[in-house]
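Here is a quick tour of one model, written for someone who likes cut-offs spelled out. Have a look at the structure first, then read on.

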Amino acid sequence: MAVPLTEANLNDPVTAHMRPDFTRLHTGLTVGEALAAVRQQPPEGRVIYFYVTDKKGRLQGVVPTRRLLLNPLEKPVTEIMVREIIAIPATATVLDACEFFIQHRLLAFPVVDENRRIVGLVDVDLYTEELRDLERTERVNELFQLIGVHVTEAQQALPLAAFRHRFPWLLCNLAGGILAAFLAHLYRAELAWQDAVLALFIPVVLALAESVSIQSVSLTLDTFHGKPPTWPVLLRKTARELRTGALLGIACGVVVGMVAFCWLGELRLGLCLLGGIGGGVAVAAVVGVFFPNLLRLLRRDPQVAAGPVALVFADLLTLLLYFRLAHWLLV
């Protein structure tokens, strides 16, 4: 019977919840010998997988029940087994196992040690009953957030899909920043026109970069549960976020640039805003993904430090890009 799942034992080792009654078939068996072995020791539980191991107990494959029943009795099981197996390491936690079920949609997973020897089986019963109980508690939303991190990753997997999901929320910043620019325009007489037009749009340029940076930081932190960081993963996520940030930046830059051109009749200012916002938002998105992962790789707490660090770099790099473009286009 499954141990009741609570917030505390989500971090229990998965070995404390695995089943030892899995069916093991040796690599030297034929289909007929395998069926005879299964009849002598029928597997328990409602989820049944037939795992194939070598003489040292190392996992070699899994035989689907349909293949075991329909193939000739003299055929070796090694010829009908599936060699690509998704296994849970014995060092994983219960939370890690829940993520495996969500991501791969299988009913059971073998648990293996560092030498790939199978030590047990974890099936979907580990958490289905407990989730139904947790739905009646205040912590159900938190639990689903924890085990649903792969849903968040899927939303970010395609840059265009991520753009559609996140761009509507930036319209609030667009509206607020443009209103701030109109307000600053009332005081333009005290400044030289060239300096004034640049200052008008600084709030919206910074607000957009900061918003996208915080979006990226938040989405990145949501994917950290139970996953050790690696440099290849960091580079892959950074490249993906750069594409998403570029789409967000270009869309926002077009909106603000068109407002500047229609309002002030300044084409060069519109181009400056397009480039400054487009580049600044793309850089801010990269910063928002890069720093939480980097801090985790350096064994620092990204929950505390990632936001402030990302905002500082997003502000500095965005303003630098905006002013450099202004120098090239307006001076």
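## Helix pair and strands

Helices α10 and α11 count as roughly antiparallel to each other, a label for angles over 145 degrees. This is a predicted model, where local features need pLDDT of at least 70, side-chain atom pairs count only at pLDDT 80 or more, and totals for chains, interfaces and linings use all residues. Residues are numbered from 1 along each chain as its sequence is written, and side-chain values use heavy atoms, with hydrogens and water left out.

Two packed helices are described by the angle between their axes and the distance between the axes. Here α10 covers residues 231-264 and α11 residues 267-297; the angle is about 155° and the axes lie 6 Å apart. Axes are lines fitted to C-alpha atoms, for helices over the stretch in contact, and angles run from 0 to 180 degrees between N-to-C directions. The residues of this contact split into 25 nonpolar, eight polar and two charged.

What about the cysteines? Cys-252 is buried at 0% relative accessibility, and Cys-272 also has a relative accessible area of 0%. Buried means under 20% relative accessible area (1.4 Å probe, protein chains only). The structure holds zero disulfides, a disulfide being a pair of cysteine sulfur atoms within 2.5 Å.

On to the strands. Helices (H or I, at least four residues) and strands (E, at least two) are DSSP runs, numbered from the N terminus. Two strands pair if DSSP finds at least two bridges between them.

| Pair | Bridges | Direction |
|---|---|---|
| β2 (residues 50-53) and β3 | four bridges | antiparallel |
| β4 (residues 88-89) and β5 | two bridges | parallel |
| β5 and β6 (residues 118-123) | five bridges | antiparallel |

Strand β3 spans residues 59-63, and four of its five residues are buried. Its Leu-59 stands opposite Thr-53. In the hairpin of β2 and β3, five residues sit between the strands, and Gly-57 takes a positive phi near 80°.

Strand β5 (residues 108-112) has five of its five residues buried. In a regular strand the side chains alternate between the two faces of the sheet. In β5 both faces are covered, with Ala-108, Pro-110 and Val-112 on one side and Phe-109 and Val-111 on the other. Val-112 is the bridge partner of Pro-89, while Phe-109 has Val-122 in β6 as its bridge partner. The hairpin of β5 and β6 has five residues between the strands, and Arg-116 in the turn has a positive phi of about 70°.

Technical notes:
Buried < 20%, exposed > 50% of the residue type's maximum accessible area, 1.4 Å probe, protein only. Parallel < 35°, antiparallel > 145°, perpendicular 65-115°, else oblique. Nonpolar A, V, L, I, M, F, W, Y, C, P; charged D, E, K, R; others polar.
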